[in-house]
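Have a look at the sequence and the structure first.

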Amino acid sequence: MSSPSQLSAQPPSPARSTALTDIRSESRETLASRFGGPGIPSYRLDQLLAWLYPHRVEKWDEMTNLPRKLREELAQHFGLELPQLIQKQGSHDSTQKFLWRLGDGNLVESVLIPANPDLYGERADRHTLCVSTQVGCAYGCRFCASGLDGWRRNLGPHEIIGQVLAVERWNSRSSGKPDDAQAPAQTPPATSERLVNNLVIMGMGEPLANYDNLMQALRTLNAPWGGAIGARKITISTSGLAPRIRDLADDPLQFRLAISLHGATDEVRDRIMPVNRKYPLAVLTEAGMYYVEKKGKMITLEYILIAGVNDSLDEVLPLSRLAHKLHAKVNLIPYNQVEGLSWTRPEESHCRRFSERLQAEGITATLRIEKGHDIEAACGQLRLKSERLTPLKAT
Ligand code: SAH
Ligand code: SF4
């Protein structure tokens, strides 16, 4: 770059503030256009991206091979932040749940799940990370902790990406540290060791209601210079935003889709998922079929088993019809109890019977006994509890 002004595609800000767009929310193309002057070689962009993603730095000063002047300019134009760990539950060899504080003080969660070879047929050293896409959720499913206090805001692309980077940063520093520890105040720079091989967009929030930011984040997480996570290793879960399922079908990247069904009739779904009044099963099924046709891929139907609500064996037949129509497999998940809500999970033996009946109808069904049941791993629970105990403060 020949002069500072070449980074000034947008008006310079008077002072560094959290209002600056975080650099991880920018696409490679946008950054490249800012670096496009005659004086800056493209290898500087590659160096910058290597600091941002494989090395997951939190401070401009960590970018030691970039000239100081360039670092100062970058700092004037962009934010550079990762979510801050404020609480972690669970142990290294089991499900771990992270509660993060974002730049504005809001809290979100991510859950790290070691491979379950029975479920995914993966190697034991694989890890799946479940990330949040919103603070709260506007969709208000009756059984879910995420929507209990409503929707607060969408996460920016950098905050979605940041959950992956922050977990990996934590992991690369914390080996050998006791579990359930708080983040150390002073830590050495992270290494580029990879941890997360699979990503599920199933944390707090409705991902397809934050579509543009989600897609921007996933493109970076998928890119070889970014997170390098294969599109087929990324699953997006939706409560059923039919028009957005069609948009996703039209996107060239091959992300996987999971639909949170939880009811195979409008009667049951209306009772527990208000979104069904807007996009009833017929509309949702059409969108699902469009996705399957365009992608030529199997989708997954998520079905929480809630005692006395959707677990009657009479539900097996309509569920199997829907699954056949969508060429879908079904993940059965016994309900994870949420404090303050009266819903409960059925007996394990009943869950097994439901699963066997479904399989007898020719459906591929998995009964997922939640690994994180004991640490409130269902989305939104930890954050809700933490906020209700400690009123939110902006930092
Ligand atoms: N909003 C999206 C993604 C986040 S929710 C969606 O609804 O798909 C991720 C999954 O967790 C959904 O299938 C959701 O129904 C499920 N879930 C929510 N609360 C739960 C609970 N208490 N026990 C088990 N699963 C739950
Ligand atoms: Fe929102 Fe999904 Fe929870 Fe429904 S299940 S309230 S869509 S996060």
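## Helix α2 and its cover

The cover over the buried residues of α2 includes α1 (28–34), α3 (68–77) and α5; contact here means heavy atoms within 4.5 Å. Helix α2 itself spans residues 42–52, and its buried residues are R44, L45, Q47, L48, L49, W51 and L52. Buried stands for under 20% relative accessible area, exposed for over 50%, and partly exposed for the range in between, with a 1.4 Å probe and protein chains only. Helices (H or I, at least four residues) and strands (E, at least two) are DSSP runs numbered from the N terminus.

One of the covering elements, helix α5, runs over residues 157–174 and holds S172. With a relative accessibility of 18%, S172 counts as buried. A polar atom of the S172 side chain lies 3.1 Å from the backbone oxygen of R169.

## How to read the model

This is a predicted model, in which local features need pLDDT of at least 70 and side-chain atom pairs count only at pLDDT 80 or more, while totals for chains, interfaces and linings use all residues. Residues are numbered from 1 along each chain as its sequence is written, chains are lettered from A and ligands numbered from 1 in the order in which they are written, and side-chain values use heavy atoms, with hydrogens and water left out.

## The chain as a whole

The chain has 13 helices and 12 strands. Of its 395 residues, 55% count as buried. Taking contacts between residues at least 6 apart in sequence, 70% join residues at least 24 apart.

How many disulfides does a search of the whole structure find? The result is 0, where a disulfide is a pair of cysteine sulfur atoms within 2.5 Å. Two cysteines can still be placed by their accessibility: C130 is buried at a relative accessible area of 11%, and C351 is buried at 1%.

## Strands β8 and β9

Strand β8 (residues 234–238) pairs with β9 in the parallel sense over 4 bridges; strands pair if DSSP finds at least two bridges between them.

Strand β8 contains S237, whose bridge partner in β9 is A258. S237 counts as buried, at 9% relative accessibility. Leaving out residues up to four places away in sequence, S237 touches I201, M202, E206, P207, A258 and S260. The side chains of S237 and S260 are joined by a polar contact of 3.4 Å. Such a contact is a pair of N or O atoms within 3.5 Å; within protein, one must be able to donate a hydrogen and the other to accept it, and residues adjacent in sequence count only if both atoms are side-chain atoms. S237 and E206 are 31 residues apart along the chain, with their C-alpha atoms separated by 8.0 Å.

## The two ligands

Which residues come nearest to ligand 1? Of the 18 residues around ligand 1, they are G205, S237, S260, H262 and N336; a residue is near a molecule or strand if one of its heavy atoms lies within 4 Å of it. An oxygen atom of ligand 1 is 2.5 Å from a side-chain N or O atom of S260. H262 has a polar side-chain atom 2.5 Å from an oxygen atom of ligand 1, and E206 has one 3.2 Å from a nitrogen atom of ligand 1.

Around ligand 2 are C137, Y139, G140, C141, C144, S146, G205, E206 and S239. This shell divides into 4 nonpolar, 4 polar and 1 charged, with Ala, Val, Leu, Ile, Met, Phe, Trp, Tyr, Cys and Pro as nonpolar, Asp, Glu, Lys and Arg as charged, and the others, Gly among them, as polar.
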